[in-house]
Each structure stands twice: as structure tokens, then as C-alpha cells.
Amino acid sequence: MAMLINGSWDPDAKGTTAPDGSFIRAESPYRDFITAPNSGKFPAEKDRYNLIVSHACPWAHRTLLYRAILNLEKIIDISVVNPISYPNGWTFENFKDVSNDTGLDIDFLRDLYLSIDHEFTGKVTVPTLWDKKTQTIVNNESSEIIRMLDGPFCELNGQRSGQMFGGYPLTEIDQMNGFVYKGLNNGVYRVGFATSQTAYDNSVKLLFQTLDKLEDILAQSDYLLGDRVCECDWRLFTTLVRFDTVYYYHFKCNLRKLESYKNISKYLYRLLDFPKVKTTVFEDHIIDHYYLSHLRINPYGIIPVGLKKLLVNSNGKKI
Ligand SMILES: N[C@@H](CCC(=O)N[C@@H](CS)C(=O)NCC(=O)O)C(=O)O
């Protein structure tokens, strides 16, 4: 898998697979925090930061959802990369909805990483929160970026912080997030990128056990933690919305389709019906990215015929 090694690009680098064939996710290296307006090294400030995303990526999708739901579009602008990430990693090459507002004249996202560290070793990932003023990366870990959006950026916009916690205790939120991350958010990748039958079997078992448990939870309540939507739901949403089109086929998560889970499916449509949520879902970027970029698991870049029937919303309209 592609990464920078001592500043040089290797499109087929090894190193994300354990000896037993299971996928290992690298830690995100940039972990600074945005602080309250007019305080600290990276204070929340209008038009200062640029959020670099891919519409294909479930981790970046979280941040776009937050920006939309929390009405932060006028506070923080975005750059959108081309969905095809092989062999050059994320690029700004021309494609529908692609844009570069980083302030840097670059073709490849890796050049932004190299602009602050010529010897960078690691993955070049989205989302990346870029500070246009000091020309540095603040953070490239989605779970933290969403909390900054729901924190200091909301404050700057005259809104309350922590709205997306939905009034639930943080310990409960973190516990549910951990469960969903292990079995699903990261779980689908551990299934899809497994390089041994045993690693695949173990990951796929955990994945469907997790879905079975979520189906039971959603039989009792509209949302994961009760009758109010919260961070856990939006973190789960971005994986669910990709499941039947991508993870089921491309990542071989094909014990059951999501549509066969009655409660989870109703829940997915419930989330899709929140204002602005559908505007954050880009099926074309999702399908092109996965099927045409992961050539290690789909060497000829074939897109399965069933995908012509795209997801529809609860009113039967295409999203
Ligand atoms: N932990 C990171 C993961 C981000 C991540 O893995 N993004 C993927 C896209 S879905 C990426 O940019 N991958 C680039 C690569 O693997 O070369 C986060 O949650 O922000």
C-alpha cells in the first residue's frame, strides 16, 4: 500500500500487514488540537483552516458530515481529492467535485506532507486539517477532527460545544465508538485487506457478530444510545452507507447484505433523512475509489454490474 518512505513515494509499500495476514492500521501522526478562539497555537479562526477530504473515504466523510450538520461551511473551507488514489496516492487531478483550496499549487497531497517534512515516512491520508496561515498540518485523525468541529469551531460560530454528544456521558459514547470501530469502521478493512484465510475468517466473524448486536440494539431504540442521535451514530453511518455497494463485494463482507438487516436498514434511512446528510454522500467517488484504487484486491479494476442499482433514500429517490 502506498506511503512515503524517507520522503520517497512507494505506491506498493508493504508494512501494513501482520505476519499472520491481518491488516494493521497505522497511527495518525499529526495530533495537534484547535483551541478556543483567540487562544493557543491553533485557535479556531474563520477561513484559516482547510479540511482536505475525499468523498470516497468513510473517515473523511465523518468530518464532512459534522461540517454540514453543525453549519460550519462558512467557517472552514474544504479541498476535495480525486477518488482514484492509485498509483500516486491522493491527487488534485481534475474530476467532478475535486478542488484544491489549500493555497498550495500542488498536484499530489503527498506534496503537502513533504512541504512540512521533506523526509516524511508514513501514509498520506484524508482527512487532513491544514493550517493555511502557518502552512502546517494540525491533525490527520478524523475522530479528533470531528471533536474540534463540535468544539472550538462551534464556539467560534456562536454555537454550543459538544452538541453531537447528544447529552450522553462521554464514557458511554467512547465505549460504543470502540465497539463499532473494532467490528465495523476498521473491521471492514481488516476483512478486505486480510492476506490469509485465517485472518479473513476471524475478521469477518467479528464483523457480522457486531452487525447482529447492532441489529438487536436498534430493535430497542431509534439510535445507538437511545432516542437521541449522537456522535456514535454518525461514526457508524459512514461505514453503513458504503456497505452494500463496496464492502459486501469488494471487501468480501458477503455473509449478508445490510439490506437484510431490517432494523439497521431503517436506521440508515433515518440518518440519511437528516437535513443535508444526503448532500455529503457521493456514490460516484465511493465506487470509483474502492474498485479502481485497490488493485491489489481487484487487479483489473472491474466494477460489479449490481452497482448500477445505487442506494435509494426512504422516498425511493436516488441519492
Ligand atoms: N485514522 C485515520 C484513517 C484515515 C484513513 O485511513 N484514510 C484513508 C482513506 S479511507 C487514506 O487516506 N488512505 C491513504 C492510504 O492508505 O494510502 C482517520 O480516522 O483519520
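Pro-87 sits in the loop that runs between β4 (77-80) and α2 (109-116); helices here are DSSP runs of H or I with at least four residues, strands are runs of E with at least two, and both are numbered from the N terminus. Before going on, note that this is a predicted model, where local features need pLDDT of at least 70, side-chain atom pairs count only at pLDDT 80 or more, and totals for chains, interfaces and linings use all residues. Residues are numbered from 1 along each chain as its sequence is written.

Back to that loop. The peptide bond leading from Tyr-86 into Pro-87 is cis, with omega near 10 degrees. Val-126 and Pro-127 are also joined by a cis peptide bond, and there omega is about 0 degrees. You'll find Pro-127 in the loop between α2 and β5 (128-131). Asp-47 belongs to the loop between β2 (8-10) and β3 (49-53).

Val-126 turns up again at the ligand. The ligand has 14 residues around it, and the closest are Cys-57, Trp-59, Thr-125, Val-126 and Ser-142; a residue is near a molecule or strand if its C-beta atom, placed from the backbone, lies within 6 Å of it. By class, that shell holds six nonpolar, six polar and two charged residues. For the classes, Ala, Val, Leu, Ile, Met, Phe, Trp, Tyr, Cys and Pro count as nonpolar, Asp, Glu, Lys and Arg as charged, and the others, Gly among them, as polar.

Now zoom out. The protein splits into domain 1 (3-164) and domain 2 (166-308), with bounds that come from an automatic or database domain assignment. Taken over C-alpha atoms, the two domain centres are 21 Å apart. Across the boundary, 24 residues of domain 1 are in contact with 34 residues of domain 2, where contact means that the C-beta atoms of two residues, placed from the backbone, lie within 7 Å. On the domain 1 side, helix α1 (residues 58-69) gives the largest share, seven residues. That side is made up of twelve nonpolar, seven polar and five charged residues.

Next, some helix packing. Two packed helices are described by the angle between their axes and the distance between the axes. Here the axes are lines fitted to C-alpha atoms, for helices over the stretch in contact, and angles run from 0 to 180 degrees between N-to-C directions.

Helix α7 (residues 231-247) packs against helix α9 (residues 283-293) at about 50 degrees, with the axes 10 Å apart. That makes the pair oblique, given that angles under 35 degrees count as roughly parallel, over 145 as roughly antiparallel, 65 to 115 as roughly perpendicular and the rest as oblique. From α7, Arg-242, Thr-245 and Val-246 meet Glu-283, Ile-286, Ile-287 and Tyr-290 of α9. This contact has four nonpolar, one polar and two charged residues.

α7 also meets helix α8 (residues 262-272): their axes come within 10 Å and cross at roughly 110 degrees, so α7 and α8 are roughly perpendicular. Asp-233, Phe-237, Leu-240 and Val-241 of α7 touch Ile-264, Leu-268 and Leu-271 of α8, giving six nonpolar, no polar and one charged residues.

Finally, the axes of helix α6 (residues 197-220) and α8 come within 8 Å and cross at roughly 70 degrees, so this pair is roughly perpendicular too. Leu-211, Leu-214, Glu-215, Leu-218 and Ala-219 of α6 make the contact with Asn-263, Ile-264 and Tyr-267 of α8.
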